[in-house]
Amino acid sequence: MESISQLTDLIARGETSARATVEAALDRAETLNESLNAFLAIDREGAVKRAEEIDAGQSAGETSLHGVPIAIKDNICVRGMQTSCGSRILGPYQPPYNATAIDRLLQAGAIVIGKTNCDEFAMGSSNENSAFGPVRNPWDTSRVPGGSSGGSAAAVAAGIVPVALGSDTGGSVRQPASLCGVIGLKPTYGRVSRYGLVAFGSSLDQIGVFARNATDAALVLQTIAGRDPHDATTADVPVPNYADALKSDINGMRIGVSRALLGEGLDAEVRAAIEKAIDAYKDLGAEIVDVDLPHAKYAIAVYYIIATAEASSNLARYDGVRYGFRAEEAPALRDMYRKTRDEGFGPEVKRRIMLGTYVLSAGYYDAYYLKAQKVRMLLRQDFANAFARCDAVVTPTSPTPAFKFGEKVDDPLAMYLNDVYTVTANLAGVPGISVPCGLSSEGLPIGMQLLGPYWSEANLLRLTHAYQTAHPFEGTPKIHA
Amino acid sequence: MNITESDIEKIAQLAHLEITDEERKMFAPQISEIVTYVEQLNAIDTSVVEPALGGLTPEGERTESSRRDEIQPSLGQKVALEQAPDPASGHFRVPKVLG
């Protein structure tokens, strides 16, 4: 499938139109959805109408994403389409406004073709927590696509769209990118506006980008990054030209490796692929330095206190009053809340709300929540110390390639441990990217993760581009357009 | 920390969640196991550590996010009520508060 610049060139030269491009993407989405379940909603009518407007020149002329079809995770608000968050509790909800990231994509000429499936409220690492059935991995449909943004990852991997948006609270962009063999970028906290992203863990959430190459990821990040008055946590930091950053080589860049993170619990084939990628960077002129992140081993414990605490608070708003689903036959207000939330939420969301309620409850706040915030500070210092010595740290993205459906579904703690390499970036607020770096003996993608200092997305994309240019990712998923 | 089924019931009450007997039986050992896992943090000495207070970077903390106190456009009553399960005369109608 064409890259963004190839598509926009073809459209600009009149060799194809936005309408033909978008109709082809819609056809692929509809056909492949039977096997992948990647989309919860496909907006043929709206997308074709917008493509016609773009072809007729009713939208701004030469734009960076002119006529480019894009898929959006179903927890990011797009006006006129559903936002379900993979949950029943939102019922037929249609947001009356666009997320800021969506407004910016539309302004750049992108066309939203549909909303992608995800774990309910972005809580999960396998997509098995979607109320509408899991997305299946295009490389092997008996395996999970990862989560929570599994639909967006699968849509890009299967060649339905060149790029998609997801959200990443503890790895929900990077981990499915790794399991589906595509790039997944989580920006620095405050780089992309969260306005219109349904809140899960407000101090951790960032909108992220799925793409097949660094250039496309750079173009989308360029479009959505920057200060937004609607989100007070976006930072007033200039947005660099990401595409320009890809042009220079990586000679002399320093890449940190934490040997402790390549030890116990890591699949041997994943370890071998990461070692090979480290050697590849050496060959490209990077300097490899040892770094230590002594508190990274506590990251899962810290994360599952802070993320659930924030979720229990954020999800209190789903009460059947202002929008979404309301349970019938509740005689009094309190019963209505309880029944609505019982019938509307799935088991993982309930588990996390309860865990978060517990760690915030009287008598336990200091022991759990405050303690976790202190260890989070130690983890931030670990990264500051590491980045004093290197430009990026390389780790695996996921300890294993894609696993089978049902393998971990009855053991929540085992499922949480999948996130061991990804949650650190959200706790520290630093950017991270997952890059395909090989296939397992079973033909499943393996991803490496690069983590960088705050606002270093340009460097991460440069490192990704250099690696992909020297080592193009081989292989095509079984389910592919 | 062992979380009992009656603890689960109390937590569910706090969280406005109605849960079945089956869920109570499932959640008690699962949440016990997770809480026991996170208690490994007790082994770390944090006596001189200031807690993190959110996700902001230093640049994010320095960003001025207040604005002039001027009226901005907003959704308006009609649009705000369009998605309500039971709107009535410009209000959100709910079941009686005292049961």
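In which hand does α12(A) cross α2(B)?

**Entry 1: the model.** I noted that this is a predicted model, in which local features need pLDDT of at least 70, side-chain atom pairs count only at pLDDT 80 or more, and totals for chains, interfaces and linings use all residues. Residues are numbered from 1 along each chain as its sequence is written, and chains are lettered from A and ligands numbered from 1 in the order in which they are written.

**Entry 2: chain B.** I found four helices and two strands in chain B, in the order α-α-α-α-β-β from the N terminus. Helices (H or I, at least four residues) and strands (E, at least two) are DSSP runs, numbered from the N terminus. The radius of gyration of chain B is 23 Å, well over the 13 Å of the globule rule for 99 residues, so chain B is more spread out than a compact globule. The radius is taken over C-alpha atoms, and the rule is 2.2 Å times the number of residues to the power 0.38. Along the principal axes, the C-alpha atoms of chain B fill a box of roughly 50 × 45 × 20 Å.

**Entry 3: the side of chain B that touches chain A.** I recorded 47 residues of chain B in contact with 59 residues of chain A (C-beta atoms, placed from the backbone, within 7 Å). α2(B) gives the most to this side of chain B, with seven residues. The residues of this side divide into 27 nonpolar, 12 polar and eight charged. Ala, Val, Leu, Ile, Met, Phe, Trp, Tyr, Cys and Pro count as nonpolar, Asp, Glu, Lys and Arg as charged, and the others, Gly among them, as polar.

**Entry 4: α12(A) on α2(B).** I looked up helix α12 (residues 347–360) of chain A, which packs with α2(B) at about 55°, the axes 11 Å apart. Axes are lines fitted to C-alpha atoms, for helices over the stretch in contact, and angles run from 0 to 180 degrees between N-to-C directions. That angle makes α12(A) oblique to α2(B); angles under 35 degrees count as roughly parallel, over 145 as roughly antiparallel, 65 to 115 as roughly perpendicular and the rest as oblique. To the opening question, I answer that α12(A) passes α2(B) in a right-handed crossing. A crossing is right-handed if the near helix is turned clockwise from the far one by less than a right angle, and left-handed if anticlockwise. R351(A), M354(A) and L355(A) meet F27(B), Q30(B), I31(B) and I34(B) here.

Definitions and conventions
Contact = placed C-beta atoms within 7 Å.
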